[in-house]
Amino acid sequence: MSALSTVIVPINRAGWPFILAFAVVTLILFWLSTFLGWIGVILTAWCAYFFRDPDRVVPTRPGLMVSPADGLVQMITKAVPPPELGMGPEPLTRISIFLNVFNVHINRTPIEGTVTRAEYHPGKFLNAALDKASDLNERMSIRLAMPDGREIAFVQIAGLVARRIICTLKPGQSVSTGERYGLIRFGSRTDIYLPDGVQPLVVVGQKALGGETILADLASAEPQRQGVVR
């Protein structure tokens, strides 16, 4: 049974309507042409692969902040959090994680705390790899207060082909580190804004795993890591 679980990955329930739709279209394609039917099989398999929802081993030590998404650490820069969160005009360190269509698209809370704001902002569907996507694209922004009183922000950003952001977080809700809270269909970006003075422990070009990769340690004075993964 354990060997089987390494092959069969759970599917997020938000994906089942799409998988079933792909399967129905595949049956129609088989009726029209065997060749087209097999193309449908491949696309249905890809759809199931996209909505996979694997379990993750989340670090348990207090103060560790984990990646909210799978993907590539694309940018680490100073930026002002989304204005709808009301966090002020001062720039904070922003880590941007780009998700391509082959990444797991489940989003996870970076650290334990209480949600104080959850704001949807309509916008464009530019390539999520662009820096301006943080300001112009459709997004869902979360402001979270940690047990020590400090705050972070994390943002789901729709991409070029993404047309749907799913977020289950509500103001007043308490969350734990690595808890599933939503997903973005299909190809997107997740930004996280660190508290002032907290240094990132990842570098540009590094691959991150949602719920596992440590982005920062609030209890450490370790300096920002340098370099770029190529």
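In what order do the strands of the open sheet of 3 strands stand? The order is S4-S10-S8, with antiparallel pairing. Strand S4 (106-108) and strand S8 (164-167) are at the edges with a single partner strand each, so one side of each has no neighbour in the sheet. From one strand to the next, the twist averages 20°.

Before we go on, some ground rules. This is a predicted model, in which local features need pLDDT of at least 70 and side-chain atom pairs count only at pLDDT 80 or more, while totals for chains, interfaces and linings use all residues. Residues are numbered from 1 along each chain as its sequence is written, and side-chain values use heavy atoms, with hydrogens and water left out. Helices (H or I, at least four residues) and strands (E, at least two) are DSSP runs, numbered from the N terminus. Two strands pair if DSSP finds at least two bridges between them.

S4 and strand S10 (residues 180-185) pair in the antiparallel sense over 3 bridges. If you look for Asn-107, its bridge partner in S10 is Gly-182.

Now find the other sheet. This open sheet has 8 strands in the order S9-S5-S6-S7-S11-S3-S2-S12, again with antiparallel pairing. Its edges are strand S9 (174-175) and strand S12 (207-208); each has a single partner strand, so one side of each is left without a neighbour in the sheet.

Let's walk through part of this sheet. Strand S7 (residues 151-158) pairs with strand S11 (residues 188-193) in the antiparallel sense over 6 bridges, and Ile-157 has Arg-189 in S11 as its bridge partner. S11 is also joined to S3 by 6 bridges, and these two run antiparallel. Here Arg-94 stands opposite Tyr-193 in S11. S3 in turn is joined to S2 by 7 bridges, also running antiparallel, with Val-73 facing its bridge partner Ile-97 in S3.

Buried means under 20% relative accessible area, exposed means over 50%, and partly exposed is in between (1.4 Å probe, protein chains only).

Ser-188 counts as buried because its relative accessibility is 0%. For a contrast, go to Pro-83, in the loop between strand S2 (71-79) and strand S3 (92-99). Pro-83 is exposed, with a relative accessible area of 68%.

Finally, turn to the helices. Helix H2 (residues 16-32) and helix H3 (residues 34-50) pack at an angle of about 170°, with their axes 7 Å apart. That makes H2 roughly antiparallel to H3 (the cut-offs are under 35 degrees for roughly parallel, over 145 for roughly antiparallel, 65 to 115 for roughly perpendicular, and oblique for the rest). Axes are lines fitted to C-alpha atoms, for helices over the stretch in contact, and angles run from 0 to 180 degrees between N-to-C directions.

Among the residues that meet are Phe-18, Phe-22 and Phe-30 in H2 and Trp-38, Val-41 and Cys-47 in H3, where contact means heavy atoms within 4.5 Å. The unreviewed UniProt entry lists residues 18-51 as "transmembrane region". That span is 94% helix and 0% strand, and its end C-alpha atoms lie 9 Å apart.

Terms used
UniProt positions renumbered as here; feature names shortened; annotations may be inferred.
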